[in-house]
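Hi everyone, thanks for coming. Could you take a moment with the picture before I start talking?

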Amino acid sequence: MSPTFDQILGIVQQALTPYSAVLATAEWWFINRDLFGRVRLIAPAAQQAALEASEAFRALTRDLSEPLGAHGYPADVIVLFEDEPETVLDGTTAFELDGFPGVRVVDRLASESDWGHVAEVSTGPPRIVFHGIKGGVGRSTAIAVTAAVLAERGHRVIVVDLDLASPGLSSTLLPIARRPKHGVVDWLVEDLVDNGDVVLDSMVTRSGFESAGEIIVVPAHGDSPGEYLAKLGRVWMPKLTPTGREKWARRLNRMLGALETRWRPDVVLVDSRSGIDDISAACVTELGALRVLMFTTDAPQTWEGYRILFDHWRRTGSVTCIRERLQCVGAAMPSVDEARDFLALREMSWSLFVEGVYDEIPVPSEGSQDDDFFSYDVGDRLGPHFPWQVRWDRAFLNIAAWHEAFGVLDGKVIDASFGPVIDGISALIVEHHSGAPTIDKEGL
Amino acid sequence: MPPADFYDAHQRHHEDAENLYKQGRLANADHLFGLAAECGLKCLMTVLGMQSTNGLPPKADRKHIDQLRARYDTYCNGTPLGAQFLLPPSDPFLNWSVEQRYEHQQMFTRAIVTPHSLGTQEVALLVGKAKRGGLL
């Protein structure tokens, strides 16, 4: 029976094992999984003649081709030769085939999302991404409340609605009369024709919420969505310039940079789309977030979603780039035994982090310290698995328009429900800026 | 008539063009760069949906490289996959003509030929990408 996709790498490892001498003849090799999930080997063109003259190499191609079945190519065409590894990578990321130094796996995907590439932390103000595997867990509410409290404390906060396929955050934060003319989608479309500057100033607005600081809202679309679907279908476009190709996620990054330069916020809160689609990939891995808040309920589908992500990060070797930026958030759910539910959530979160993110700590040897490893005990509040708990409160039920609720809600109620999230982000801002918040209200 | 093999034609024209270019035989190199780029784009157009009949592309697509770019862009715009195969905005082949094969070789300077060499390399990169993507 022909194997299925998930068996490919195991088959390749098994097929290559007897051929370490052949593999040692070249500096690099790629296992290329193409758009259809078929596999080819890519080798340096400089070695082509020598390899093709080698009986061992011909045997390798046969032993690789046959067990891959529908996921392989005939032995005589299963190898491609390329001059440079950079040509093979072509802007994508590759990961090392487990047990085979110098052999990397490269995936060709129909979509440009790349969960395996984690951008460096942005050098501007801290960017905090609010993400969840499932929607409807109070992510947008948490952003709205956090932004309001941070503004009350004197911070200038930019809130960006990147839930482009299900926009709505701006309508909760802004009365209709204050909505700007344009939004994120307009910038992404205009940027394709070098026209982004035309909408940069008209895609933001103040929330109007009276505070020591201010909330600057960047909605997904403007006061009129316009031809939203026609625009949305274009936001994923890469941009071609005389100097190269810029993926849409990089364009998004550039947009945030332009907004930060223009408005100089203390912090940027990003409402990511939930799930593991292209938008969430960009928000979680490509925007250089200082923290990615993973909104979580103790539900099997949520844990399964995070497990998929963690497995991928571990396999592609990118887990070490992102794990210090993750933070579990226990989403608000009605509960009859809050303490018990929190412990259950914490336990599940810890198990998941131990399985996919934390280092395995070996038996201590002389000179080694636990500090050398990224790992936390289940009850360690500093661990990213330890949930920042949002507590459910009926006071937050049926609030559709936060711009009306700000200033009316009891501060103690807000603190009781969102305290850990607000305090956690506050600490990040203070740490980042190493001083008291400053506000310059010029500009808007 | 056997079906056109645009991939093979692209590769052999490109290889010969590069060899001639290195030897300073710019006139014939230039001619082959144009043909290599044309075959490369037609190869990609096939991937993006161009249907040939009796080995020939549709009439609207039977053009040389100096007039082919608009047709290629149309195929790119016709499918989401096309976004992966877009060419840079400027077209370096607008001053290339198949009729130039009759011209005297002194007409072909490096200033004229080098942009055609670079343009063909751009096409070749996309053809390689299609190959690695399993589309060819």
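First, some housekeeping. This is a predicted model, in which local features need pLDDT of at least 70, side-chain atom pairs count only at pLDDT 80 or more, and totals for chains, interfaces and linings use all residues. Residues are numbered from 1 along each chain as its sequence is written, while chains are lettered from A and ligands numbered from 1 in the order in which they are written.

So how confident is the predictor? The model scores ipTM 0.79 and pTM 0.86. For single residues we use pLDDT, the predictor's confidence in each residue, from 0 to 100. Chain B averages 93, with 99% of the residues at 70 or above. In chain A the mean is 90, and 95% of the residues reach 70 or more. Do be careful with residues 436-444 of chain A, where pLDDT stays under 50; the model has 13 contacts beyond four places in sequence for that stretch. By a contact I mean two residues whose C-beta atoms, placed from the backbone, lie within 7 Å.

Now, where the chains meet. Chain A brings 14 residues to the contact and chain B brings twelve. On the chain B side, five are nonpolar, four polar and three charged. For these classes, Ala, Val, Leu, Ile, Met, Phe, Trp, Tyr, Cys and Pro count as nonpolar, Asp, Glu, Lys and Arg as charged, and the others, Gly among them, as polar.

Next, chain A. Its domain 1 covers 6-107 and its domain 2 covers 127-359 + 376-433, with bounds that come from an automatic or database domain assignment. Taken over C-alpha atoms, the domain centres are 40 Å apart. Four residues of domain 1 are in contact with four of domain 2, and the domain 1 side has one nonpolar, two polar and one charged residue.

On to helices, which are DSSP runs (H or I, at least four residues), numbered from the N terminus. Axes are lines fitted to C-alpha atoms, for helices over the stretch in contact, and angles run from 0 to 180 degrees between N-to-C directions.

Staying in chain A, helix H13 (residues 300-315) packs on helix H15 (residues 338-356) at about 20°, with axes 9 Å apart. That makes H13(A) and H15(A) roughly parallel, a label for angles under 35 degrees. Among the residues in contact are A:Trp303 and A:Phe310 of H13(A) and A:Leu352 of H15(A).

In chain B, helix H2 (residues 26-47) and helix H3 (residues 65-77) also pack at about 20°, with axes 10 Å apart, and are therefore roughly parallel. Here the crossing is left-handed. The contact includes B:Leu41 of H2(B) and B:Tyr72 of H3(B), and its residues divide into seven nonpolar, one polar and one charged.

Last pair: which residue classes join H1(B) and H4(B)? Helix H1 (residues 6-22) and helix H4 (residues 110-132) of chain B pack at about 145°, with axes 11 Å apart. B:His10 and B:His14 of H1(B) are among the residues in contact, as are B:Ser117 and B:Thr120 of H4(B). In all, this contact has six nonpolar, four polar and no charged residues.

Notes: Helix = DSSP H or I, 4+ residues; strand = E, 2+ residues; numbered from the N terminus. Parallel < 35°, antiparallel > 145°, perpendicular 65-115°, else oblique. Left-handed = near helix turned anticlockwise from the far one by under 90°.
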